[in-house]
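Please look over the model below before reading my comments.

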Amino acid sequence: MNRLILLLVAVLSISCDNELKLEQKQFSAASKGADANKGARVEISLPVASNKPLVADSINRKILSVMKDIINYGETPFTSKNYQELANDFISTYEKVSAEFPDDKMAWEAKVTGRFCYESDVLLNLEIDHY
């Protein structure tokens, strides 16, 4: 009987470890000397899925795809493979445009915050606020 209880506890603890985990993470970048009137800044705060490789990877790729559309200021889409690369690509685009048009020194800012506002075993609803 004790072995059955130990086996049940072991199975439950293993199955609990395989649940999808959602952790809020922050990513940011800024150009040199950026302030409210010049330069570029980007701040991203989004949930990142983990612990279930196939499911988490699918969720994270879809969110990153949407983020590329939101953050992109260039003519060609970003090829970023993660959020930090996306933030850095935003800054790089600002620096290229700034070098091409040196008399146009307007500040660029991107701020994105996302959160899951509904979660079930089969559905996740992500809300993304951005400007």
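1. Basis. This is a predicted model, in which local features need pLDDT of at least 70, side-chain atom pairs count only at pLDDT 80 or more, and totals for chains, interfaces and linings use all residues. Residues are numbered from 1 along each chain as its sequence is written, and side-chain values use heavy atoms, with hydrogens and water left out.

2. Overall make-up. The protein has three helices and four strands. Helices (H or I, at least four residues) and strands (E, at least two) are DSSP runs, numbered from the N terminus. The order from the N terminus is α-β-β-α-α-β-β. Of the 131 residues, 26% are buried. Buried means under 20% relative accessible area, exposed over 50%, and partly exposed in between (1.4 Å probe, protein chains only). Among contacts between residues at least 6 apart in sequence, 50% join residues at least 24 apart. A contact means heavy atoms within 4.5 Å.

3. Helix 2. This helix spans residues 53–71, 19 residues in total. From first C-alpha to last it reaches 26 Å, close to the 27 Å expected at 1.5 Å a residue. The expected span is 1.5 Å times one less than the number of residues. Its buried residues are Ala56, Ile59, Asn60, Ile63, Leu64, Met67 and Ile71. They lie on the same side of helix 2 because they cover an arc of only 130° around the axis. The arc is that of the directions from the helix axis to the C-beta atoms. An α-helix has 3.6 residues a turn, so residues three or four places apart point the same way. The face turned away from the buried side carries the exposed residues Leu54, Arg61, Lys62 and Asp69. The cover over the buried residues includes strand 2 (40–50), helix 3 (83–100), strand 3 (108–119) and strand 4 (124–130).

4. Where does Asn60 sit, and is it buried or exposed? Asn60 is in helix 2 and counts as buried at 18% relative accessibility. Leaving out residues up to four places away in sequence, Asn60 touches Val48, Ala49 and Tyr83. Asn88 belongs to helix 3 and is partly exposed, at 37% relative accessible area. Asn88 and Phe27 are 61 residues apart in sequence, yet 9.7 Å apart C-alpha to C-alpha. Asn51 is in the loop between strand 2 and helix 2 and is partly exposed at 32%.

5. A backbone angle to check. Phi of Asn51 is near 85°, a positive value in a residue other than glycine. Most residues other than glycine have a negative phi.

6. Largest pocket. Its volume is about 270 Å³. A pocket is an open set of points on a 1 Å grid over the protein atoms alone, where a 1.4 Å probe fits, with protein on both sides within 12 Å along at least five of seven lines; lining residues have an atom within 4 Å of a point. The lining has 15 residues, with Gly74, Glu75, Thr93, Lys96 and Val97 nearest the centre. Helix 3 gives the most to this lining, six residues. By class, the lining has six nonpolar, five polar and four charged residues.

7. Second largest pocket. The volume here is about 220 Å³. Lining residues include Leu20, Leu22, Lys52, Val55, Glu119 and Asp121. The lining divides into six nonpolar, one polar and three charged residues.

Conventions:
Points joined across faces, edges and corners; volume = space filled by probe spheres on them. Nonpolar A, V, L, I, M, F, W, Y, C, P; charged D, E, K, R; others polar.
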